[in-house]
Amino acid sequence: MDALLTHGTAWIVSLSLALLLTGLVAGTLAGLLGIGGGIVIVPMLYFLFHLLQVDPAVLMHVVIGTSLATIIPTSVMSSRAHNKRGNLDKALAMQLLPGVLLGVLLGALTSRYLAGTWLTVIFASMALLIAIKMGINFQAAPLGQHMPARIGSTAFGTLIGGVSTLIGVGGGTLSVPILSSFGVPMRTAVGTSALIGCFISIPGTLAFIINGWHQSQLPPWSLGYVNVLCFALIVPTSMLSTSWGAALASRINNQHLQKVFALFLLITAAHMFYGLLQQHT
């Protein structure tokens with residue numbers, strides 16, 4: 001991160017513009033494709049922090065913690081909007097809540113002791129799977145006509161909360177297909193997933209702040225593993241552009257856009273895996 005400290009105003013302005021652009025892209029794609037912004041923000045922050053020479057020991061932790069923080073305001077606003085439209089099943093969200101919180105706790109504890117290399121492997125693997133799913137438009141087979149009882153709901157909630165915390169997303173990447181597989185209408189699945197995003201992002205962000213509190217290699221303007229500068233610049237533009245993306249959704253061929261985004265995730269995963277190989281050769 002010394003590169004940031006030794007550069008002048010032009011460098012900081014360039015970084016700020018890159019972060020504003022990150023928010024614009026994340027919000028627009030979230031509105032267009034119905035995906036969570038975290039799956040966009042994580043790879044873009046990963047590339048930016050590499051350019052800024054952030055210490056590899058903390059790079060991925062800061063990326064994930066910051067991504068979770070940016071999800072808090074967007075998931076709160078999104079869940080409120082979906083609730084007004086009647087697309088949020090509060091009872092279903094409460095059914096999943098114990099498992100989701102348990103998953104967040106397990107994910108936060110795991111990330112505390114995992115090296116950044118392993119967090120990168122986990123995200124790259126998930127990005128690869130999502131890219132394949134979007135690229136071939138894979139639809140999961142139905143798992144049932146309704147969500148299972150307490151034990152099953154807790155298990156699925158734990159999976160959603162744990163994986164989402166480890167890769168820095170709000171949960172929609174997992175919860176929407178899982179809920180849809182149990183017969184939940186797509187609009188209700190998306191709306192309920194927005195509330196689940198609140199359950200994940202708020203405690204997840206607090207956990208990453210605590211986990212990184214005493215780290216000495218953190219980039220400037222960081223609160224634990226959450227970079228406040230990135231948060232402050234990404235959130236406003238992502239919240240603004242989400243509505244733009246939603247408005248554009250009816251005018252753009254989403255299938256073509258999904259394939260382009262799948263290619264982006266594929267390149268991201270390949271770059272991450274290549275970087276890991278370079279570190280170990």
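UniProt positions are given here in the numbering used for this chain, and such annotations may be inferred rather than shown by experiment.

Figure 1. What you're looking at is a predicted model. The chain holds eleven helices and two strands. Walk along the sequence and the pattern reads α-α-α-α-α-α-α-α-α-β-β-α-α. An unreviewed UniProt entry places the feature "transmembrane region" at residues 6–25, 58–79, 91–109, 115–136, 156–178, 190–210, 222–240 and 260–277.

Figure 2. Of the 281 residues in the chain, 48% are buried. The chain exposes about 13300 Å², and carbon and sulfur atoms supply 69% of that area. Now for contacts between residues at least 6 apart in sequence: 79% of them join residues at least 24 apart.

**Figure 3. Two of the annotated spans, end to end.** Residues 190–210 are one of the spans that UniProt lists as a "transmembrane region". In the model this span is 100% helix and 0% strand, and its end C-alpha atoms lie 30 Å apart. Residues 260–277 are also on the UniProt list. That span, too, comes out as 100% helix and 0% strand, with 26 Å between its end C-alpha atoms.

**Figure 4. Where helix 4 packs on helix 6.** Here helix 4 (residues 56–84) packs against helix 6 (residues 116–136) at an angle of about 50°, and the two axes are 7 Å apart. So helix 4 counts as oblique to helix 6. Which residues meet here? From helix 4 come Ala57, Met60, His61 and Ile64; from helix 6 come Gly116, Leu119, Thr120 and Phe123. Sort the residues of this contact by type and you get five nonpolar, three polar and no charged.

Figure 5. Ala93 has its place in helix 5 (residues 90–113). Is Ala93 buried or exposed? Ala93 is buried, because its relative accessible area is 0% and buried means under 20%. Leaving aside residues up to four places away in sequence, Ala93 touches Thr192, Leu195 and Phe199.

Notes: Residues are numbered from 1 along each chain as its sequence is written. This is a predicted model: local features need pLDDT of at least 70, side-chain atom pairs count only at pLDDT 80 or more; totals for chains, interfaces and linings use all residues. Side-chain values use heavy atoms; hydrogens and water are left out. Axes are lines fitted to C-alpha atoms, for helices over the stretch in contact, and angles run from 0 to 180 degrees between N-to-C directions. Helices (H or I, at least four residues) and strands (E, at least two) are DSSP runs, numbered from the N terminus. Angles under 35 degrees count as roughly parallel, over 145 as roughly antiparallel, 65 to 115 as roughly perpendicular and the rest as oblique. Contact means heavy atoms within 4.5 Å. Ala, Val, Leu, Ile, Met, Phe, Trp, Tyr, Cys and Pro count as nonpolar, Asp, Glu, Lys and Arg as charged, and the others, Gly among them, as polar. Buried means under 20% relative accessible area, exposed over 50%, partly exposed in between (1.4 Å probe, protein chains only). Accessible areas come from the Shrake-Rupley method with a 1.4 Å probe; for residues, only the protein chains shown count as cover.
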